[in-house]
Amino acid sequence: MDEAMVPFQGRSNFKKALPKPISKGIKLWVVVDYETCLILGLQPDDGRHGADLHQDEPVGATGAAVLDMVKPWYGTNACIVTDKEYTSPALAIELLDKGLFSIGTVKASRVPKDLS
């Protein structure tokens, strides 16, 4: 699971500006099969996973996006690989509860003090 930016200069209520090579456009959440490189899921970041909507959830906004995108694989024991922007101990636990495994680097700021 990762994100991609599609260049877009027109009007949209969910156009983003990010510090990336493509800095302005539509941000997409993408699920890709590691072995075949086929895109398995794609959805625009239209604001339904905004930080203000998921501030009380332990997985946060990015974790909520991951959980939403991988729903078709719940209970399959599939392995979800995420980059450091998505990975957290809370997300790994949530994925395991849903029958999925998780691989990813966890930022030090996301590790609870009791796990350090």
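In this predicted model, Trp29 and Tyr86 are both buried, where buried stands for a relative accessible area under 20%, exposed for one over 50% and partly exposed for the range in between, with a 1.4 Å probe and protein chains only. The aromatic pairs come to a count of 1, under a rule in which rings of Phe, Tyr and Trp (its six-membered ring) pair if their centres lie within 6.5 Å, planes under 30 degrees apart being stacked, those over 60 edge-to-face and the rest tilted. Since the ring centres of Trp29 and Tyr86 are 5.6 Å apart and their planes stand at 70 degrees, the pair is edge-to-face. Trp29 belongs to strand S3 (residues 24-32) and Tyr86 to the loop between S5 and H2, so the pair ties together parts that are 57 residues apart in sequence; helices (H or I, at least four residues) and strands (E, at least two) are DSSP runs numbered from the N terminus.

Trp29 is also among the contacts of Asp45, which, with neighbours within four places in sequence left aside, include Phe14, Lys16, Lys27 and Leu28 as well, contact being defined by heavy atoms within 4.5 Å. Asp45 is placed in the loop between strand S4 (39-44) and H1, and it counts as buried because its relative accessibility is 8%.

In helix H2 (residues 89-97), the buried residues include Pro89, Leu91 and Leu95. These residues lie on the same side of H2 because they cover an arc of only 160 degrees around the axis, the arc being that of the directions from the helix axis to the C-beta atoms. Ile93 and Asp97, on the other side of H2, are exposed. The cover over the buried residues of H2 includes helix H1 (60-69), strand S5 (79-81) and strand S6 (101-103). After H2 comes Gly99, with a positive phi near 80 degrees.

The lining of the largest pocket is made up of 15 residues, with Val32, Asp33, Tyr34, Cys79 and Val81 nearest its centre. The elements giving two or more residues to this lining are S3 and S5.

Residue numbers start from 1 along each chain as its sequence is written. Because the model is predicted, local features need pLDDT of at least 70 and side-chain atom pairs count only at pLDDT 80 or more, whereas totals for chains, interfaces and linings use all residues; side-chain values use heavy atoms, with hydrogens and water left out.

Conventions. 1 Å grid on protein atoms, 1.4 Å probe; cavity = no way out; pocket = protein on both sides within 12 Å on 5 of 7 lines; lining within 4 Å.
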